[in-house]
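Here is a friendly briefing to keep beside the structure while you look around. Take the topics in any order you like.

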There are 2 protein chains.
Amino acid sequence: MEINIERNILEANDRLAVDLADLFRTKSILCLNLMSSPGAGKTSLLERTLADLGGEFKMAVVEGDLQTDNDARRVAATGAQAVQINTEGGCHLDAGMVQKALAHIDLDGLDILFIENVGNLVCPAEFSLGEDHKVTLLSVTEGDDKPEKYPLMFSISSVALLNKVDLLPYVDFDLDKAARHAKALNKDIIVMPVSCRDGEGLGQWYDWLRKERKNKK
Amino acid sequence: MEINIERNILEANDRLAVDLADLFRTKSILCLNLMSSPGAGKTSLLERTLADLGGEFKMAVVEGDLQTDNDARRVAATGAQAVQINTEGGCHLDAGMVQKALAHIDLDGLDILFIENVGNLVCPAEFSLGEDHKVTLLSVTEGDDKPEKYPLMFSISSVALLNKVDLLPYVDFDLDKAARHAKALNKDIIVMPVSCRDGEGLGQWYDWLRKERKNKK
């Protein structure tokens, strides 16, 4: 009984997600679903990316949080369109929430839509939002054992950004070990060590965005 | 319909949690439910606490993770009894899982039982495990906005440990702001800045454990 209910919820979500994927295809919008633990740097990555690539691409952001519109305000400060979803305690975004948020975004001519999911390394992995790619951030302060301990998230992500490498001198984190565990779960995952604080490694992220943007046209 | 299902699941959990609370009362065991984002330092806190207070108290640990028995092995290395629960993807522990795990722990003469929940700042907050207190850890690397953004967890916790203060020189984290937001949600919450790496601030944590242990007798 419980398993059927869960399956029904996921199936209903997947049907809506297919509609979203169709919309993104029709409009030629590259859509990326950003996921991580709380405080791993999703909003900082967006602030950097929107500022650095603002001249190249038209970008917008759907922000998901339990409470507050702090992140939408941070992102809107870069000049990008930003819409906040408050889940009121809900642990993940679903396709229906994204569909409603899109009514507040001008999709015409949009190149890239970022969806910043609720900070949670578990539940968001189960819900497709019609995105082209899932992107996971892992802060080096969280420990190099996290791909092994939270395997679903890394199994289904196209990119794993290992963020806050500026803190590597002060924590025990083995970049090779984390990358090895992520690739054992998902041989195609692209692992990028970055620092959203000082910009280290973001060139590889921007090049990946350019390539994926081109593929979507 | 969906709301009723959720309520039924929570009510079934709460009934089991009452049984667990009765058991802990009968056996005079202080039970603490440790919760946080992934990598905030729950296992490190336990390693320190089990080593430093091993001469004073008989302690045991129930470890919750999606996958791996890494944490139970880390904790067992201190000599304490440790039982691993793997939720196989589940985002929180529930009272039924704890009940099953307790069959593998010798409860006689036990002073303190720690339950380390799944790394997740959202879902574990909804499920009582019969504990005397919920204890939340927040790493300073996660940002001082987290109490405001994840309010339920801080509303229901007796203690918030602000961990990794050894990294304060390298991150933007305002201890006063985080404490102020936590206390705005929960005026009784005790906020303790600590470093499980160098031991800073743990004296206050140990004194709190001694006091709560005494109250439970």
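Glu131(B) counts as buried at 14% relative accessibility, and in this predicted model Glu131(B) forms a salt bridge with Lys134(B). The closest N and O atoms of that pair are 2.7 Å apart. Lys134(B) counts as buried too, with a relative accessibility of 11%.

**Salt bridges within the chains**

- Over all chains, the count comes to 34 salt bridges.
- In chain A, Arg210(A) forms a salt bridge with Glu56(A), and their closest N and O atoms are 2.8 Å apart.
- Arg210(A) sits in helix H8 (residues 202-216) of chain A, while Glu56(A) sits in the loop between helix H2 (42-52) and strand E2 (59-65) of chain A, so this pair ties together parts that are 154 residues apart in sequence.
- Both partners count as partly exposed: Arg210(A) has 30% relative accessibility, and Glu56(A) has 41%.
- Salt bridges with shared partners join Glu56(A), Asp207(A) and Arg210(A) into one network.
- Lys146(A) forms a salt bridge with Asp145(A), with 2.7 Å between the closest N and O atoms.
- Lys146(A) counts as buried at 5% relative accessibility, and Asp145(A) counts as buried at 11%.

**Where chain A meets chain B**

- How many residues of chain A are in contact with chain B? There are 31 residues of chain A in contact with 31 residues of chain B.
- The two chains, A and B, bury about 2,800 Å² between them, and 57% of that is on carbon and sulfur atoms.
- On the chain A side, Pro38(A), Lys149(A) and Tyr170(A) lose the most area to chain B, together accounting for 22% of what that side buries.
- Six salt bridges are counted between chain A and chain B.
- Lys149(B) forms a salt bridge with Asp65(A), and the closest N and O atoms are 3.4 Å apart.
- Between chain A and chain B, 15 residue pairs are in polar contact, both residues being at pLDDT 80 or more.
- Which elements give two or more residues to the side of chain A that touches chain B? They are helix H3 (70-76) and helix H5 (146-149) of chain A.
- H5(A) gives the most to that side of chain A, with three residues.
- The residues on the side of chain A that touches chain B divide into 12 nonpolar, nine polar and 10 charged.

- Tyr206(B) has its place in helix H8 (residues 202-216) of chain B.
- Is Tyr206(B) buried or exposed? At 8% relative accessibility, Tyr206(B) counts as buried.
- Leaving aside neighbours within four places in sequence, Tyr206(B) is in contact with Arg48(B), Thr49(B), Asp52(B) and Leu53(B).
- Tyr206(B) and Ser195(B) are 11 residues apart along the chain, and 13 Å separates their C-alpha atoms.

- Asn13(B) lies in helix H1 (residues 2-26) of chain B and counts as buried at 5% relative accessibility.
- Apart from neighbours within four places in sequence, Asn13(B) is in contact with Asp94(B), Ala95(B), Phe127(B) and Ser128(B).
- At the start of H4(B), a side-chain oxygen of Asp94(B) reaches to within 3.1 Å of the backbone nitrogen of Gly96(B).
- Helix H4 (residues 95-102) of chain B has Ala95(B), Gly96(B), Val98(B), Ala101(B) and Leu102(B) as its buried residues.

**Positive phi angles in chain B loops**

- Thr68(B) has phi near 75°, a positive value in a residue other than glycine.
- The loop that holds Thr68(B) runs between strand E2 (59-65) and helix H3 (70-76) of chain B, and Thr68(B) is buried, with a relative accessible area of 15%.
- Glu88(B), also a residue other than glycine, has a positive phi near 55°.
- Glu88(B) is placed in the loop between strand E3 (81-86) and H4 of chain B, and Glu88(B) is exposed, with a relative accessible area of 57%.

Conventions
Residues numbered from 1 in each chain as written. Chains lettered and ligands numbered in written order. Predicted model: local features only at pLDDT ≥ 70, side-chain atom pairs only at ≥ 80, totals over all residues. Heavy atoms only, no water. Contact = heavy atoms within 4.5 Å. Buried area = accessible area lost by both parts, 1.4 Å probe. Salt bridge = Lys/Arg side-chain N within 4 Å of Asp/Glu carboxyl O. Polar contact = N/O pair within 3.5 Å; in protein donor to acceptor, adjacent residues only side chain to side chain. Helix = DSSP H or I, 4+ residues; strand = E, 2+ residues; numbered from the N terminus. Nonpolar A, V, L, I, M, F, W, Y, C, P; charged D, E, K, R; others polar. Buried < 20%, exposed > 50% of the residue type's maximum accessible area, 1.4 Å probe, protein only.
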